[in-house]
Amino acid sequence: MAEGKQMLTRRAFLGAGARGACVLGLGGAAAALLARQASKGDAVWQIDPDKCTACGNCANYCVLRPSAAKCVHAFPMCGYCERCFGYFDPQATDFHSGAENQLCPSGAIQRAFVEEPYYQYTIDERLCIACGKCVKGCRTFGNGSLILQIRHDRCVNCNECSIAAACPADAVRRVPAAQPHILPANCPKEPPDKKGKPS
Amino acid sequence: MTFLRRAIAVPLLACALAGAAPAEERFPPPQFETAYQRPRTTAPWPRADWREYVDLAMLVSTLTLASYLALRARRRGGMFALMLFCLAYFGFYRQGCVCPIGAIQNVSRGIADGGFVVPVTVVAFFCLPLAFTLLFGRTFCAGVCPLGAIQDLVILKPLKVPAWVEHSLGLLAWVYLGGAVLLAAAGSAFIICRYDPFVGLFRLSAEWTMLVMGGSLLLVGAFVPRPYCRFLCPYGALLRVTSLLSRRHATVTPDECIRCRLCEDSCPFGAILKPTEPLAPHAGLQGKRLLAGLILLLPVLAAGGAWLGGLASGAMSRADYTVLLADRVRLDQAGLVQGDDQYINAFRVMKLTPGELYDLSRGVQDRFRRWGRVFGGFLGVVIGLKLLRLSVRRTRQDYAPNRSTCLSCGRCFAYCPIERKRRGTPCGRTNA
């Protein structure tokens with residue numbers, strides 16, 4: 001091997017071959033994945049309210065404290081009851097907004113008078129811990145307009161959503177980022193908002 | 001007021017039994033007399049796509065810089081600064097997501113399931129560090145990976161790990177990789193993310209199990225440097241192979257090695273190989289016999305692995321939701337579930353009979369059994385190849401980094417007198 005330094009050694013040749021195979025494999029896999037999914041865009045996690053059983057795991061399993069899931073009021077479905085079953089404790093005897101009458105442990109639902117006998121219910125998301133108590137109450141006795149949703153302004157979009165892993169109903173799934181919310185199937189459509197984004 | 005009376009008339013018991021019955025419109029919207037408009041449902045939007053391309057640009061530039069620092073500039077100081085920056089950016093600012101380690105799972109799931117979305121950035125996060133490693137060695141581990149960086153910071157007193165421990169524990173990473181690919185491809189779980197030890201620190205919020213795991217790894221890491229990288233990281237397992245094939249690689253010395261032994265103990269990861277001792281007589285023949293035996297052992301290991309994989313697949317399939325639910329329902333049918341069980345409650349609203357669920361679960365378990373055997377066989381081959389690689393003797397005259405385990409962190413550079421001469425600091429100052 002006098003001219004070994006000039007020639008390609010066997011080891012260098014095999015190394016280059018293996019390297020080339022790695023590059024080809026990597027490039028091939030990447031191209032296949034990209035070609036198939038180029039048009040689909042990103043994905044985010046969301047709770048399907050029709051599958052959700054309001055078990056309360058959302059409050060405890062999210063990597064964030066408090067959880068990135070929040071109670072959301074789907075206003076096309078309701079939001080006007082005098083005695084909201086998501087707001088009042090079933091054992092409440094007095095229907096005013098005293099803490100002892102409220103179902104929400106953190107007082108996150110705000111009740112505002114609209115006109116006799118209607119009240120508006122809005123969620124203060126800073127206070128909501130996603131325990132799902134109101135969701136259960138509303139669904140059992142009311143219209144089911146209170147739903148749990150993952151809020152994308154809080155969610156860090158983990159690669160494996162801890163809520164999804166802990167969900168007993170398999171209700172959390174990846175949805176396209178272009179349609180990041182899931183309203184109940186029987187929820188009437190809302191007109192698009194001013195920014196033109198569909199809800 | 002009629003809806004109020006109707007509400008009271010609702011048989012409470014029936015509703016309570018129905019539990020989480022699907023929502024229905026019990027109280028249709030009234031005609032408001034005032035001009036009241038119901039508010040819009042609040043709908044915050046996810047972070048804009050373009051910011052992911054910022055992450056991507058950041059990854060490319062940090063990888064380039066890390067490779068430059070390891071191979072061209074040969075600066076540990078610069079590498080350390082880059083590592084801190086990446087810890088701050090990819091770790092604390094981007095909160096550890098998405099990382100190349102986790103991207104393994106998205107890519108496997110994407111390949112196994114055509115409907116699964118793998119964003120361009122995730123594909124790039126998976127491919128780019130591998131591509132850079134094929135060219136320049138594991139510069140990603142040294143300068144860019146936030147999980148590596150946080151372990152690098154806590155190295156206090158590096159202990160020498162015996163070679164057999166190092167090699168055996170290194171196999172764990174392959175087990176982790178195989179298991180993660182299997183579970184991700186089956187669509188059951190992303191275990192790399194679930195058991196990521198440091199992401200809780202990056203988010204400054206985690207379950208206590210996660211914090212205990214991360215904390216104990218850091219504690220071990222004070223004495224056994226970078227334990228996650230060396231013994232567990234599934235992406236590290238891939239990088240070890242690609243780094244072995246890398247086109248160029250960082251070297252201890254910038255020029256010719258003078259075998260001064262000064263660098264011998266400089267590597268906290270034990271990744272510097274010493275020059276080989278001269279061969280004992282007859283050792284060559286013995287070595288060849290050993291090699292032949294190991295090659296013959298390879299199919300045996302693969303078959304044994306496949307058999308064990310088949311056995312373990314039952315336990316692994318429990319990570320799948322359908323299998324888990326079916327097991328719960330089976331227990332419930334046998335009257336063994338007491339009290340209120342979340343899974344049973346969820347199953348009751350699913351409009352699925354136990355028989356149908358069992359069939360679904362059996363399908364998943366069959367798939368797991370098939371792929372569990374492949375997984376076991378793969379591990380057998382990995383162990384066989386590891387033994388082969390340990391038995392192949394390479395003659396070495398110089399001190400050189402072990403290409404597969406060297407992270408190109410650059411700690412050894414300043415120990416080399418040739419390097420000192422190159423920098424014009426022959427003695428005294430050792431750093432940077």
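Where does A:P66 lie in chain A? Select A:P66: this residue sits in the loop between helix 2 (57–61) and strand 2 (69–73) of chain A. Helices (H or I, at least four residues) and strands (E, at least two) are DSSP runs, numbered from the N terminus.

Before going on, some ground rules. This is a predicted model: local features need pLDDT of at least 70, side-chain atom pairs count only at pLDDT 80 or more, and totals for chains, interfaces and linings use all residues. Residues are numbered from 1 along each chain as its sequence is written, while chains are lettered from A and ligands numbered from 1 in the order in which they are written.

**Stop 1: two cis bonds in chain A**

A cis peptide bond joins A:R65 and A:P66, with omega about -10°. Now select A:E116 and A:P117. Here too a cis peptide bond joins the pair, with omega about -5°. A:P117 is in the loop between strand 3 (109–115) and strand 4 (118–123) of chain A. For context, most peptide bonds are trans.

**Stop 2: the whole of chain A**

Zoom out to chain A. Four helices and six strands make up its list of elements. From the N terminus on, they run α-β-α-β-β-β-α-β-α-β.

Of the 199 residues, 46% count as buried. A residue is buried if 20 or more other C-beta atoms lie within 10 Å of its own, exposed if 12 or fewer, and partly exposed in between; C-beta atoms are placed from the backbone.

**Stop 3: two loop residues in chain B**

Go to B:R261. Its phi is near 70°, a positive value in a residue other than glycine. B:R261 lies in the loop between helix 14 (234–244) and strand 1 (272–273) of chain B. Is B:R261 buried or exposed? B:R261 is exposed, with 11 other C-beta atoms within 10 Å.

Next, select B:K351. This residue is not a glycine, yet it has a positive phi of about 55°. Look for B:K351 in the loop between helix 17 (342–348) and helix 18 (354–391) of chain B. B:K351 counts as exposed because it has 8 C-beta neighbours inside 10 Å.

**Stop 4: the domains of chain B**

Colour chain B by domain. Domain 1 covers 51–276 + 394–423, and domain 2 covers 283–391. These bounds come from an automatic or database domain assignment. The centres of the two domains, taken over C-alpha atoms, are separated by 28 Å.

Eleven residues from domain 1 of chain B and 14 residues from domain 2 of chain B take part in their contact. Two residues are in contact if their C-beta atoms, placed from the backbone, lie within 7 Å.

**Stop 5: confidence**

Finally, colour by pLDDT, the predictor's confidence in each residue, from 0 to 100. Chain B has a mean of 88, and 93% of its residues reach 70 or more. In chain B, confidence is highest in helix 7 (residues 139–144), at a mean of 96, and lowest in helix 2 (residues 12–18), at 41. Over residues 1–21 of chain B, pLDDT is below 50. Where pLDDT is low, the predicted coordinates should not be read in detail. The model scores ipTM 0.83 and pTM 0.88.
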